[in-house]
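This briefing concerns the structure shown below.

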Amino acid sequence: MIRIGIPSALLYYQYYPLWKTFFEELGAEVVVSPPTTQAMLAEGSARVVADTCLPVKVFLGHVLSLVEKCDWIFIPAVRSVENKVYNCSKFLGLPDMTKAVIPESPPILEIDIDINKGKGELYRAIYKLGRHFTWNPVSIRKAGLVAWQTYLNYRELMSSHGLTPPQAIERISGTRKVEPEVASNHPTSARATIALIGHPYLIYDEYINHRLIHRLEQTGNRVLTPEIVTSQELKSAVTRITGGAYWTYEEEVVGAGGHYLQNGADGVIGVMAFGCGPDSLMMDTVRRQSARLRTTPFMCLTLEEHTAETGVVTRLEAFTDMIYRKKRKETEVCV
Ligand code: SF4
């Protein structure tokens, strides 16, 4: 059986169930890289120039960890998933960059996703990918349809059950444990409700963000993330603030930020990577919106490979203390 390696970094959190289903329907075995470690980050960083963004260094570390474990590595070039909305240039050149800096990598299975070229071109790209496994177009079409339905179920699981991508992936794979209800997940018993906004590869990679969600929940807070908000709500927040998205995945930042600044959160934390061009613009848009509204405190956490755990803890404590004080004052005024 052909083994396809999928690095659990970058777009993994958005599309893993879709990719896995597609390859398994075509008879392949899927191998996923383990969670990020210091060694993986160091090895990935050593392959590129210093000012490459942290998530790309992490991604290369994941590819390196798969080198001996699979026959092919799947690395899509996602240019655009919406008309006239474009992705960061790092995603466009990801397969080529990986080939250049990791020559020992197994052959790369790539696909160009660019919705601006029309649906016909997209279907041709999917068939081209599927032909690595079978020449039967009916089997490829069926695999594509089953994979798309799995993706829709995955999105639905997150938005209607309030699951994070790692939790939804566990649920879909049948490995999710039945967890006891956590007191802090109830809006009424939580000390504060904190919304995290940003790309999933920053919010859910526990190594690079120093277990951000865990830390907030451990201190009695309820955590909200972009996936819990419906796609329509995210889109309408982006339209309200910027008039319309320019960047792919803008909804995870501007959409979620705009939504949570006005709905259901006591504070909003933006998580971005140092040196990220698109995020520096998008986070600034959210910051300015927060200053305009003056309703919900906003803090931006910028991560890089040298970000110290104590620095993250100090900033989190300062931000949450300020929110607790604000909530106490509001309660006193009401009493
Ligand atoms: S959007 Fe930013 S963090 Fe993500 S890959 Fe591009 S430069 Fe890196």
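Contact means that heavy atoms lie within 4.5 Å. Helices (H or I, at least four residues) and strands (E, at least two) are DSSP runs, numbered from the N terminus. This is a predicted model, in which local features need pLDDT of at least 70 and side-chain atom pairs count only at pLDDT 80 or more, whereas totals for chains, interfaces and linings use all residues. Residues are numbered from 1 along each chain as its sequence is written, and side-chain values use heavy atoms, with hydrogens and water left out.

**Packing of α2 and α3**

- In the contact of these two helices, M40, L41, E43, G44 and S45 of α2 meet L54, K57, V58, L60, G61, H62, L64 and S65 of α3.
- By class, six nonpolar, five polar and two charged residues make up the contact of α2 with α3; Ala, Val, Leu, Ile, Met, Phe, Trp, Tyr, Cys and Pro count as nonpolar, Asp, Glu, Lys and Arg as charged, and the others, Gly among them, as polar.
- Two packed helices are described by the angle between their axes and the distance between the axes.
- Helix α2 (residues 38–45) packs on helix α3 (residues 54–66) at an angle of about 105°, and their axes are 7 Å apart. Axes here are lines fitted to C-alpha atoms, for helices over the stretch in contact, and angles run from 0 to 180 degrees between N-to-C directions.
- The two helices α2 and α3 are therefore roughly perpendicular to each other. Angles of 65 to 115 degrees count as roughly perpendicular, under 35 as roughly parallel, over 145 as roughly antiparallel and the rest as oblique.

**Packing of α1 and α7**

- Helix α1 (residues 12–25) and helix α7 (residues 137–161) have axes that come within 8 Å and cross at roughly 150°. This makes α1 roughly antiparallel to α7.
- Residues Y13, Q14, Y15, P17, L18, T21, F22 and E25 in α1 meet I140, K142, A143, G144, V146, A147, W148, T150, Y151 and Y154 in α7. The classes in this contact of α1 with α7 are twelve nonpolar, four polar and two charged residues.
- Q14 has its place in helix α1 and is buried, with a relative accessible area of 4%. Buried means under 20% relative accessible area, exposed over 50%, and partly exposed in between (1.4 Å probe, protein chains only).
- Apart from neighbours within four places in sequence, Q14 is in contact with Y151, Y154, P200, Y249 and E252.

- Helix α12 (residues 254–262) is largely enclosed by the rest of the structure, because eight of its nine residues are buried.
- The buried residues of α12 are V254, G255, A256, G257, G258, H259, Y260 and L261.
- Elements that cover these buried residues include β7 (193–197), β8 (222–224), α11 (231–242), β9 (267–273), α13 (277–293) and β10 (298–303).
- G264 follows α12 and has a positive phi, near 75°.

**Further buried residues**

- I102 lies in the loop between α5 (94–101) and β5 (108–109) and is buried, with a relative accessible area of 1%.
- Leaving aside neighbours within four places in sequence, I102 is in contact with R47, L60, V63, L64 and V67. The C-alpha atoms of I102 and V67 are separated by 9.3 Å, and these residues are 35 residues apart along the chain.
- I213 lies in helix α10 (residues 212–218) and counts as buried at 16% relative accessibility. Residues up to four places away in sequence not counted, I213 touches L196, I203, Y204, V223 and T225.
- T164 is found in the loop between α7 and α8 (165–173) and is buried, with a relative accessible area of 15%. With residues up to four places away in sequence not counted, T164 touches M158, Y204 and T225.

- R211, in the loop between α9 (200–203) and α10, is a residue other than glycine with a positive phi, near 55°. R211 is partly exposed, with a relative accessible area of 39%.
- Y249 is not a glycine, yet has a positive phi of about 70°. Y249 lies in the loop between α11 and α12 and counts as buried at 12% relative accessibility.

**Ligand surroundings**

- The residues around the ligand are C53, P55, C88, K90, F91, Y201 and C276, where a residue is near a molecule or strand if one of its heavy atoms lies within 4 Å of it.
- This shell around the ligand divides into six nonpolar, no polar and one charged residue.
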